[in-house]
Amino acid sequence: MEPLIRLQGVSKFYPRVHRPRERLRAFASLMAGKEIREGAEVLHDVSLEIMPGQSFGIIGENGAGKSTLLKILTGVISPSRGSVEVNARMAALLELGAGFQPEFSGIDNVRMKSALLGMSPGELDKNLDSILAFADIGDYVYEPVKHYSSGMVVRLGFAVVTASNPELLITDEVLAVGDESFQKKCIRWIESFLEQGNTLLMVSHSMYLVQKLCHRALWLHEGHARELGDVFSVTQSYLAYHEERSASERRDRQAQRGESGLYKISELLLPQQDDDGALVLQYGDDLKAELVLHSPDGIPPVALFGVMRADGTPVYGVASDYDQIEPEQLDDQHYRYRICFENLPLLPGSYSIRGHAMDPQGIRLCDTAELRFSVSGASRELGMIRLPHRWNTK
Amino acid sequence: MNLFSNNVFRQLVSRAIRTDYLENLTGFAWLILQPLAMLAVYAFVFTTIFKARIPEAGPVGFVPYLAIAFWPWTAFSESILRSSNCISANAALIGKVAFPSEMLPLSTVTATFLMNMAGYLAVLLVLQLMGTPIQWLGIFAAIPVLVFLYIFACGLALFVSALQVFIRDVTQILAPLMTFWFFTTPIIYSSSLLPEPFATVMKFNPMSWYVARLRDFLLLGNYQLSVFDLLVPMLAVLVFWGGLTFFRRFSAHFEDFL
């Protein structure tokens, strides 16, 4: 099957053109047919293919190049390097009312927009009623668009797109603007659009929507394709990246506060770790951990184990004194605790386990060690852990 | 490119006409009134204040002589001035929707020509009613002249509108340039009044040919051919081709500079 879109090694470079002199210099090098070297590279060597029926999500932080990539896909801008091939009748819903002119009435803008989408006047006349019904903004269509609320602009824009009967729909984060009932209408429309075998390409910060609507995803990071593949693995690594980033900020703060004391951790280890030190569990596996503590005064310290998501959100914590557990004494000063979390109910994602050394009274936290592990699997369930549940049906 | 049947192009032309001409207070009436008012002003200034006389105008008088050249010139210069900033004025459209951006200057030129030609027709009618014998059959010869003027204007408009994206001052430079061109074209005077060597130099101003031929066909009934009847239309086509090539070469980079 031929891909709807094929990007090969696409880079985009914006020349610096703020001051007149820079503009002139950039123009002169264009005239001479040279490549412009000064400027900012917003996309670097991105390749992707979108197959019919394989909806595609693009995720990434602000400024990662997502919008630029969409502009290249829709042909609004041409890449500095690389090639773009489009084999689909596509419609794009990029920014609020792209191509709408505020001075003109809604109906005039619908005419223009439908022309831009490749509809003939005849096709428009046939579809006008359904467009207006979908937009559902009443007599406002005869008013200039500048008097519209942002929600009404989106309604009208989306309504025209629905009438243009595309094979590939490209959307940015625009649907977030409409009100609840219109959003539902759009999602319903998109779902039926997908059921008919069409393809969606969306940029979103909502991993929920991306996982719900897309099969494959691209994570753009600072203009580079950081990960491309199955939607679950890409969104999970993206979320893990964010979680880690906020966790490392938190750890820095903790380090400044300074946790120190008499009782130290000699070793924290996960016996199931492979040789590289990575631990990947399947949902429902057991998680085993060992903590060796050092006590200079020969009194066994209390151990505390905590499981948290990679961003540091606590999932569960338990200390040895809660359960009145005595450690295994290794020598005068070393004590070992072993713990096993059975049938781990953690949903796929990145997690870490922390071991803490506490004083023998279990009051002061003296030392902390942390190891990472992850739970793999494809699941659309949300949250961190699976709660046992039962659907009650007749 | 099937430009005139393109729906986007039609929309752009109708928009340009509506915003620039028809959405004024009196709307459509201005289409006729404005050229006539202009004609009255020129008639007053040049016949009452300056008492201009054109030898070869003979019995037709100065005002018709001026009017025949003035409206095509206005269409020409206005369309170039208007289209000079049409790319940056439509930056929002270009940055968001993929469409052949050469439609922007071309639609501006088309709208300006359509409007001015409607005014031109009104002026010709009024001149006839005021007693100037218009050679109505000459219209068939005048139409190709106007078409080449349109092609010429399109070529220049493509060139300046693309250039303006990179060099913003183009719009400012153009206004005095067009004024200079206006006065170096025999519109408010006759080339026969010019001393040498200006008279010869002036023959190489393509606009001289357009205004001269329109006067020949519509007023004087002079159908004598010269080598310029071949050269100037060829130049128009050449300028159009050059303008389009220039435009297309750089249109991919517009977004970077807007």
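Colleague: In this predicted model, in which element is the place of Lys212(A), and is Lys212(A) buried, partly exposed or exposed?
Modeller: Lys212(A) sits in helix 7 of chain A, residues 207-213. A residue counts as buried at 20 or more other C-beta atoms within 10 Å and as exposed at 12 or fewer. Lys212(A) has 15 such atoms, so its class is partly exposed.

Colleague: How far apart in space are Lys212(A) and Arg380(A)?
Modeller: Along the sequence, 168 residues separate Lys212(A) from Arg380(A). From C-alpha to C-alpha, the distance in space is 7.9 Å.

Colleague: Is Gly349(A) buried or exposed, and which residues does Gly349(A) touch?
Modeller: Gly349(A) belongs to strand 17 of chain A, residues 349-358. With 20 other C-beta atoms within 10 Å, Gly349(A) is buried. Not counting residues up to four places away in sequence, Gly349(A) touches Gln236(A), Leu239(A), Ala240(A), Arg309(A), Ser374(A) and Val375(A).

Colleague: Why are helix 7 of chain B and helix 11 of chain B roughly parallel, and which way do they cross?
Modeller: Helix 7 (residues 139-166) and helix 11 (residues 228-251) of chain B pack with their axes 7 Å apart, at an angle of about 25 degrees. Angles under 35 degrees count as roughly parallel, and helix 7 and helix 11 of chain B are therefore placed in that class. The crossing of helix 7 of chain B past helix 11 of chain B is left-handed.

Colleague: What residues make that contact, by class?
Modeller: Helix 7 of chain B contributes residues including Phe148(B), Phe152(B) and Phe159(B), and helix 11 of chain B contributes residues including Gly242(B), Gly243(B) and Phe247(B). By class, the contact of helix 7 with helix 11 of chain B has 17 nonpolar, four polar and no charged residues.

Colleague: How are helix 3 of chain B and helix 8 of chain B oriented to each other?
Modeller: The axes of helix 3 (residues 62-84) and helix 8 (residues 170-183) of chain B come within 9 Å and cross at roughly 170 degrees. Their contact involves Trp73(B) and Leu81(B) of helix 3 and Leu174(B) and Met178(B) of helix 8, among others. An angle over 145 degrees counts as roughly antiparallel, so the orientation of helix 3 and helix 8 of chain B is roughly antiparallel.

Colleague: Which element gives the largest share of the side of chain B that touches chain A?
Modeller: In this contact, 18 residues of chain B meet 23 residues of chain A. The elements of chain B that give two or more residues are helix 1 (7-22) and helix 12 (254-257). The largest share, four residues, comes from helix 1 of chain B.

Key. Residues numbered from 1 in each chain as written. Chains lettered and ligands numbered in written order. Predicted model: local features only at pLDDT ≥ 70, side-chain atom pairs only at ≥ 80, totals over all residues. Axes fitted to C-alpha atoms, helices over the stretch in contact; angles between N-to-C directions. Parallel < 35°, antiparallel > 145°, perpendicular 65-115°, else oblique. Left-handed = near helix turned anticlockwise from the far one by under 90°. Contact = placed C-beta atoms within 7 Å. Nonpolar A, V, L, I, M, F, W, Y, C, P; charged D, E, K, R; others polar.
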